Amino acid sequence: MPSAPSKSLSSEERLFLQYRVARFGLFGAALSALFWLFRLGEALFSVDPGRWIFEPSFGLHGLAWLSLLGIWALNRTGERSHAFIDRVEGVGIVGACIAYIAMGSFVDLVNDPAMVVLVAIVAVLVARAAYVPGTARRTFGICVAVGVPYVAMTYATYSGIEAGLLAEYSRAEDARVGTGITTEALTTTVTANAAVWWMLYTALATGITHIIYGLRREVRDVKKLGQYVIDEKLGEGGMGVVYRAHHGMLRRPTAIKLLKSDASSERAVERFAREVRLTARLTHPNTVTIYDYGRTPAGVFYYAMELLEGAHLGEVVAASGPQPARRVVKVLREVASALTEAHGIGLIHRDIKPANIVLSFQGGVPDVAKVVDFGLVKELDQEGDVGLTNGNAVTGTPQYMSPEAITAPDEVDARSDIYALGAVGYFLLTGTHVFRAATIVGVCADHLHTEPESPSARLGASVPADLEALILECLRKDPGDRPQSAAALELRLEGLGCAGTWSHAEAAAWWDEYREALEERRGAPEALGSERSVEIGRRVPSTPFAAK
């Protein structure tokens, strides 16, 4: 939409303007055709249909219709330049209105041609003000371009009437203007009346444009965060709301995460900002990429990251159930590889779960695992960050928390992420969480004291023995009994019998089959793996945890 004559429009704004101008042209042409059909019906039932149908006003009405139809025809397809759209719209509107004004010369004086023409051209201009986004200045300019010939036509029509017509008009208007009216008086009165009405309708059309354009500009500005424009809401978590957006200049699809207003304590803002700074240090292809961050004019913190087209693991399992072992190994290996980089620079995630692992499309390649949401990440080598992460609090997603994250959250290390990744592998293989107690208390107690059921027993079907053994090893209660690093886990996964056997073709076939199911289920609260991270209490050494 145009905001000022000197400002060029973006491609999106220009296409929207073209679409609205075309819609206006179609609406105006349809309205003009309806009036023409009404006049045709009136003529056919008159005493002398031929005289009415072949009079010049019918031809002028057709010219007005063609002018409006031309606005639609020239803008309905393709991509037009801003100058072209403006020229077609301006010429079409002024041309149609001039045709209506010329029709006034053929309207019977008793029928008050000035008012008949006014109704026609006001209908066009007010409709244009409502349909077409633009500035008040442009609307005013178009109104003036039409108003000057309208007032001139009114003056010429009434100043040139003959004595006989004036007498006929006077008899019809006796009750209003009295007898004995002169041509000069009539011309002055009617022209002044037409000019006043025209000024009122010009103000109306200009005001409509100003209000609608102002509202659109306010919405556009509200939807912009720095260089990014918000498109639609994608979802929300415990602290943030995620939106689909795009870069205003590069047009690059982007995901924007904003800190929720009800979570905007100073501590929450610090944790949110810290998530950005830490995640931005990661460059692994299986970790979500951070582009930018900042604050809105209202002080709301946000950051921009790559938009992942795909589905998180909770949605994947909800759509198609337990996953093939070959696919599970591929996903776990890619996540372990991403964690290797994070752990290597002293970062642990602390919230590895199905909802934080997205299977995305990268360069046309399906099933590329991406680790997202480092909101609970802990930097191992900075003691000063304990307060920000509330290290003495039990924070995370209960179904994927390691025993030490429950009893000693301030002492967790990279092996806690390995435990959580083992729980994710269990979930992918069986379609269920490792422990299924009904309460958080029960789930945490199971993590501390209960040995997990083997995936094959839970599933009731065979699972590759080497994969099952590795997952159960990741789920050992004692961190010392698990793989000691993400890099070691990655090597173990690469050595499994089914490693590397999930093909590109199989992945593509899966997405073809389940894409619609994923779209239907997206955002459903019952989708498995969509549990939120929560801060469930402070660590109390003598008990599994204490409810907060």
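Helix H12 (residues 325-344) and helix H15 (residues 414-430) have axes that come within 10 Å and cross at roughly 165°, and the two are therefore roughly antiparallel to each other, a label used for angles over 145 degrees. Helices here are DSSP runs of H or I with at least four residues, numbered from the N terminus, and their axes are lines fitted to C-alpha atoms over the stretch in contact, with angles running from 0 to 180 degrees between N-to-C directions. The crossing of H12 and H15 is right-handed, the near helix being turned clockwise from the far one by less than a right angle. This is a predicted model, in which local features need pLDDT of at least 70 and side-chain atom pairs count only at pLDDT 80 or more, while totals for chains, interfaces and linings use all residues. Residues are numbered from 1 along each chain as its sequence is written, and side-chain values use heavy atoms, with hydrogens and water left out.

On the H12 side, the residues that meet H15 are Ala-325, Val-328, Val-331, Leu-332, Val-335, Ala-336, Leu-339 and His-343, and their partners in H15 are Ala-414, Asp-417, Leu-421, Gly-425, Leu-428 and Leu-429, where contact means heavy atoms within 4.5 Å. The residues of this contact of H12 with H15 comprise eleven nonpolar, two polar and one charged; Ala, Val, Leu, Ile, Met, Phe, Trp, Tyr, Cys and Pro count as nonpolar, Asp, Glu, Lys and Arg as charged, and the others, Gly among them, as polar.

Leu-339, which lies in H12, is buried with a relative accessible area of 2%, buried meaning under 20% with a 1.4 Å probe and protein chains only. Apart from its neighbours within four places in sequence, Leu-339 is in contact with Gly-344, His-349, Ile-352, Asp-417, Leu-421 and Ala-486. The C-alpha atoms of Leu-339 and Ile-418 are separated by 8.9 Å, although these residues are 79 residues apart along the chain.

H15 also packs against helix H18 (residues 465-474), and here the axes come within 7 Å and cross at roughly 140°. H15 and H18 are therefore oblique to each other, and H15 passes H18 in a left-handed crossing. From H15, Ile-418, Tyr-419, Gly-422, Gly-425, Tyr-426 and Leu-429 make the contact, and from H18, Leu-467, Ile-471 and Cys-474. By class, this contact of H15 with H18 has seven nonpolar, two polar and no charged residues.

Notes: Angles under 35 degrees count as roughly parallel, over 145 as roughly antiparallel, 65 to 115 as roughly perpendicular and the rest as oblique. Buried means under 20% relative accessible area, exposed over 50%, partly exposed in between (1.4 Å probe, protein chains only).
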